[in-house]
Every structure is written in structure tokens, then in C-alpha cells.
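Please look over the sequence and the structure below before reading the report that accompanies them.

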Amino acid sequence: MQPFVRHTGRAAALPSANVDTDQIVPARYLHRPRAAGYADTLFRDLRDKGGFVLDAPGNEGATVLIAGDNFGCGSSREHAVWAVSDGGYRVVIAPSFGDIFYNNAMKNGLMTVRLPAETVAELMEVAPTDVTVDLEAGTVVWGNHSVPFEIEPHHRDALLEGLSEVQMTLRELPSITDFEGEHLEAMPWLTPGKG
């Protein structure tokens, strides 16, 4: 996973609430292996209708997505995160996210930032515009605005270091080994052939 420390990019607004994972990546694409890429599936059905807001002039090359409340709700599919990432977005900013989408995003290095609905509305009004998301400082900056955000410490550490959950656990291997040794010494009957 690529570390995420700070990102500056053009922000595009998707002013819709409750955008679910089937809108993000339609189910008919879920058979693809990860290596095949998912950029062309991102909002496929919405784009095929024509006039999709993210295809409007000025949004090309956007790497920050400003979304409405409850972005990524619906069924559990990691593919939705893959489609957003492969579609060129490094950050999604919204008032709230579907829980599974949020956790899948963090596990795949896609930065998700929760901001108050009023702040997200302000950002949508000025998009497309350049936005800087600074994970170290915990701020989203655009124009003369700087807004703080919070993120769970374990997600923050994993993103900053570009580590998966397994890699984060392996960092604690010496402590885990020490604990197991002490535990088995105190309870030898747990070890086959002892006690």
C-alpha cells in the first residue's frame, strides 16, 4: 500500500447523498480480478446515461472527490474502493460514509475524510478547486480555509506508513512472542505434552 501523508489535487463535487456501492461499481463487474483494474467501471451506469456531473468540464484529472452524506453505503464490496482508486481519486471527503466502504478504503490506502455537512457544502460550491489534505497535520485546506479533521489513530498510522493490517500486526511480533511465552509458562497445561 502506498503511504498517504499529504495530497494536493483538484476536487470534483458529486452532490448526491446515499451513493451506494452498486452505483460506484455495478455488480456485473465484480467477477474481474483485482489486477485487471477497475477505472472503467467507476460510476459506469451513471456515466452511460450521459451528462454525469464528474464528466463535466473542469473535473478532468480530479484526484479529490467531494461527496454527499453516506457515501459508499449499500452492499459490501471492496471493488467499490478499487474503482474509486483506479479512477484516479486519492481522497474522498464526505459528511459520512458507509461503514464497510470506509474500512475497506482505509485498508486499501484510499484516504476518506469526514467533515461537517456545512463544510462539505462549502467545498462543493467552489469545486472544481485545488484542495490539500494533510494527514500529518489533520487538515483540509483550500483557498484561505483550513479545516481540521479527525481519524482513528490506527488508521492514521497505517496510512502514514503505507502498512496493511497484517503488517501493522507484525510490527508487534516481539510483544506477541513475549506474551505467548509468559502465558504458556504460567499455564503449562496449554502446551501439548506438558502439565
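The report describes a predicted model, and takes up its sheet, its core, its salt bridges and some details of its backbone in turn.

## The sheet

The strands form an open sheet of seven, arranged in the order β4-β3-β2-β1-β5-β6-β7, and the pairing within this sheet is mixed. At its edges are β4, which covers residues 111–114, and β7, which covers residues 145–148, each of them pairing on one side only. From one strand to the next the twist averages 25°.

Strands of a sheet pair through backbone hydrogen bonds, in either a parallel or an antiparallel sense. The pairing of β2 with β3, the strand of residues 91–94, is parallel and runs over three bridges. Val64 has its bridge partner in β3, namely Val91.

In soluble globular proteins, nonpolar side chains tend to be buried together. In this model the largest nonpolar core holds 53 residues, and those touching the most other members are Ile24, Phe43, Phe71, Ile93, Phe101, Met111 and Val133. Helix α3 gives the most to this core, contributing five residues.

Val133 shows how such a residue is surrounded: leaving aside neighbours within four places in sequence, its contacts include Phe4, Val5, Val91, Ile93, Met111, Val113, Val140 and Phe149. Arg6, His7 and Thr139 are also among the residues in contact with Val133.

Apart from neighbours within four places in sequence, Thr119 is in contact with Trp142 and Val147.

## Salt bridges

The count of salt bridges in the model comes to nine. One of them joins Glu136 to Arg6, with the closest N and O atoms 3.4 Å apart. This pair links distant parts of the chain, since Glu136 is in the loop between β5 and β6 whereas Arg6 is in strand β1, and the two are 130 residues apart. Glu136 is partly exposed, with a relative accessible area of 47%, and Arg6 also counts as partly exposed, at 48% relative accessibility.

A second example is found in helix α2, where Arg44 and Asp48 are four residues apart and therefore separated by about one helical turn. An α-helix has 3.6 residues a turn, so residues three or four places apart point the same way. The side chains of Arg44 and Asp48 meet in a salt bridge, at 3.0 Å from N to O. Arg44 counts as partly exposed at 21% relative accessibility, whereas Asp48 is exposed, with a relative accessible area of 54%.

The side chains of Asp55 and Arg47 also meet in a salt bridge, for which the N to O distance is 2.8 Å. Asp55 is partly exposed, with a relative accessible area of 43%. Elsewhere, salt bridges that share partners join Arg6, Asp134 and Glu136 into one network.

## Backbone details

Most residues other than glycine have a negative phi, and most peptide bonds are trans. Phe43, a residue other than glycine, has a positive phi near 55°. Its place is in the loop between α1, residues 21–24, and α2, residues 44–48. Phe43 counts as buried because its relative accessibility is 0%, and this residue is also one of those that touch the most other members of the largest nonpolar core.

Asn70, likewise a residue other than glycine, has a positive phi near 65°. Asn70 is placed in the loop between β2, residues 64–67, and α3, residues 78–86. At 24% relative accessibility, Asn70 counts as partly exposed.

Where is the cis peptide bond with an omega of about 0°? This bond joins Ala127 and Pro128, and Pro128 is found in the loop between α5 and β5, the latter covering residues 129–134.

Definitions and conventions
Residues are numbered from 1 along each chain as its sequence is written. This is a predicted model: local features need pLDDT of at least 70, side-chain atom pairs count only at pLDDT 80 or more; totals for chains, interfaces and linings use all residues. Side-chain values use heavy atoms; hydrogens and water are left out. Contact means heavy atoms within 4.5 Å. Buried means under 20% relative accessible area, exposed over 50%, partly exposed in between (1.4 Å probe, protein chains only). A nonpolar core is a set of buried Ala, Val, Leu, Ile, Met, Phe, Trp, Tyr and Cys residues joined through side-chain atoms within 4.5 Å. Two strands pair if DSSP finds at least two bridges between them. Axes are lines fitted to C-alpha atoms, for helices over the stretch in contact, and angles run from 0 to 180 degrees between N-to-C directions. A salt bridge is a side-chain nitrogen of Lys or Arg within 4 Å of a carboxyl oxygen of Asp or Glu.
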